[in-house]
Amino acid sequence: MAIERQETEGEAPVSPFARLFSLPGLDVFNVVTIGCKTEGNPSTIVEGLKNTLINHPRFSSILVTGHGEHKGKAKWIPTKVKVEEHVVVPDIDPNIENPDEFLEDYTSRMALSPMDMSKPLWEFHLLKLKTLHAESVAVARFHHSLGDGMSLMSLLLACTRKTCDPEALPTFVTPKKSKAKNVCFAVVAWLWFIVRIMFHTCVEVIKSMVFICCARDTSAHIMGKPGATLRNNKFIHQIISLDDVKMVKNAMNMTVNDVLFGMVQAGLSRYLNQRYDLEDKLRLHGVVFFNLRPNRNIEDLANMMAKGSKCRWGNSIGYVLIPLEMKSYDDVFEYVRQSKSMMDRKKHSLEPLFSYGLLKLTLEVFGFKALKTLVTKIFGSTTMIFSNVVGPAEEISFFGHQISYIAASTFGIPQGLIIGTQSYVDKLIINIGVDVDVIPDPHHLCDLIIEALSMMKSAAPQKIFHASEV
């Protein structure tokens, strides 16, 4: 379908990474599932989107990629948006036998379906479907050219308000910063911090480059094949108690992220051992994304949609390569210790900035073809992608619909396993996207991850008791 060109006034260039994520064979989407505690009202949501989301320039513009039928300079062309064309309300049998399974199948089919490039690249599907954790469900799909996952999630949350205060934006738990006791101590700590940053950056960047150039993961069983994720994706999610994770965190004196990554490693290790009996022979790596923005700025995003003000936007993420611990340990906490040790080294390095710079430099020097080759090499040589998003600390509403949970995932990357976690109030949502040719039973993998947490939780009181004795 030919794109009707608008007047050139207001056209904007397309960022390099937006062009990357729209290349043939590398169309990447973010899929967000929102469970609501009340029955959905499509007209209310449509009206809400008209007053918020489409005021963002990317959500009211057509992407001209510069390849295919529309060769030339890539650009965003402003257009008039009919929100109703972006909101789908399917006819669903209210007496459906297994609504949760239906939701998984529906989300997977929606992710696989092509998106109309002659319209702004986003859509909402409003499902009048009562599931185990929700009275109705909204499933949103956003093309990655609109922005990275953190930007899109922040924008979506900027459309919500606190349930207890309908005029207030969501609040997030921020980590506490330790204050130096005196000036001398602060100077020494700062110098030591710089030394650690320089050392870990050199070591981790060299290891990353060696892996990208010369190595790849050893197991063909769970590595995605190029293009495989475009045919047989499946998305599932499960909800557990965030307090259980915090209990283990406090017992180990670590972070929530350390515990979550330890859970994933423990569950994946058991899964591989049960299915293939290969665990001690594996050399596996995961890709973990880092947000390069200093904060969420949802207030700025809300003001932008309400008043037309400007704020920072786009794809601004770095990645790090993390070796996965696949050995069997009698002490389940060892997975968390290994996670903390590795994540601390990554956090005290500039590897995320280096990886972002590497992609940008490859594009500027060698062009899009080389950049696509590099991205395919990175994800095609590793086993999984992991991300963790800190959600609102208080209950929020989406245009009058009180939210029960939020689950987000990414689709289109040549990767067989994508695991994301998202906190919301006192809940933790584990979202798993798989290529079913690679992971045919994602529910079993998810159960093993949750079982690892249960084992840690059971042993946590004993851990606290021993620590108090010491």
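How many helices and strands does the secondary structure of the protein comprise? In this predicted model, local features require pLDDT of at least 70 and side-chain atom pairs count only at pLDDT 80 or more, whereas totals for chains, interfaces and linings use all residues. Residues are numbered from 1 along each chain as its sequence is written, and side-chain values use heavy atoms, with hydrogens and water left out. The secondary structure comes to twelve helices and 16 strands, where helices (H or I, at least four residues) and strands (E, at least two) are DSSP runs numbered from the N terminus.

Of the 470 residues in the protein, 52% are buried; buried denotes under 20% relative accessible area, exposed over 50%, and partly exposed in between (1.4 Å probe, protein chains only). The protein exposes about 22,000 Å², of which carbon and sulfur atoms supply 56%; accessible areas come from the Shrake-Rupley method with a 1.4 Å probe, and for residues only the protein chains shown count as cover. Among contacts (heavy atoms within 4.5 Å) between residues at least 6 apart in sequence, 80% join residues at least 24 apart.

Side chains of opposite charge can pair when their charged atoms come close. The structure holds 17 salt bridges, each defined as a side-chain nitrogen of Lys or Arg within 4 Å of a carboxyl oxygen of Asp or Glu. One of them joins Lys 50 and Glu 84, with an N to O distance of 2.9 Å. Lys 50 belongs to helix α2 (residues 42-51) and Glu 84 to the loop between β4 (75-78) and β5 (87-88), so this pair ties together parts that are 34 residues apart in sequence. Lys 50 is partly exposed at 29% relative accessibility, and Glu 84 is partly exposed at 45%.

In a further salt bridge, the closest N and O atoms of Asp 105 and Lys 234 are 3.1 Å apart. Because Asp 105 lies in helix α3 (residues 99-112) and Lys 234 in strand β9 (residues 233-241), the pair ties together parts 129 residues apart in sequence. Asp 105 is partly exposed, at 28% relative accessibility, while Lys 234 is buried, at 18%.

The side chains of Glu 204 and Lys 346 also form a salt bridge (2.8 Å, N to O). This pair links helix α5, which holds Glu 204, with helix α9 (residues 333-347), which holds Lys 346, the two residues being 142 residues apart. Both Glu 204 and Lys 346 are buried. A network of salt bridges links Glu 204, Lys 207, Arg 345, Lys 346 and Glu 351.

Aromatic pairs number twelve, counted where ring centres of Phe, Tyr and Trp (its six-membered ring) lie within 6.5 Å; planes under 30 degrees apart count as stacked, over 60 as edge-to-face and the rest as tilted. Phe 124 and Phe 398 form a stacked pair, 6.0 Å centre to centre with 20° between the planes. Since Phe 124 lies in strand β6 (residues 122-127) and Phe 398 in strand β13 (residues 396-398), the pair ties together parts 274 residues apart in sequence. Both Phe 124 and Phe 398 are buried.
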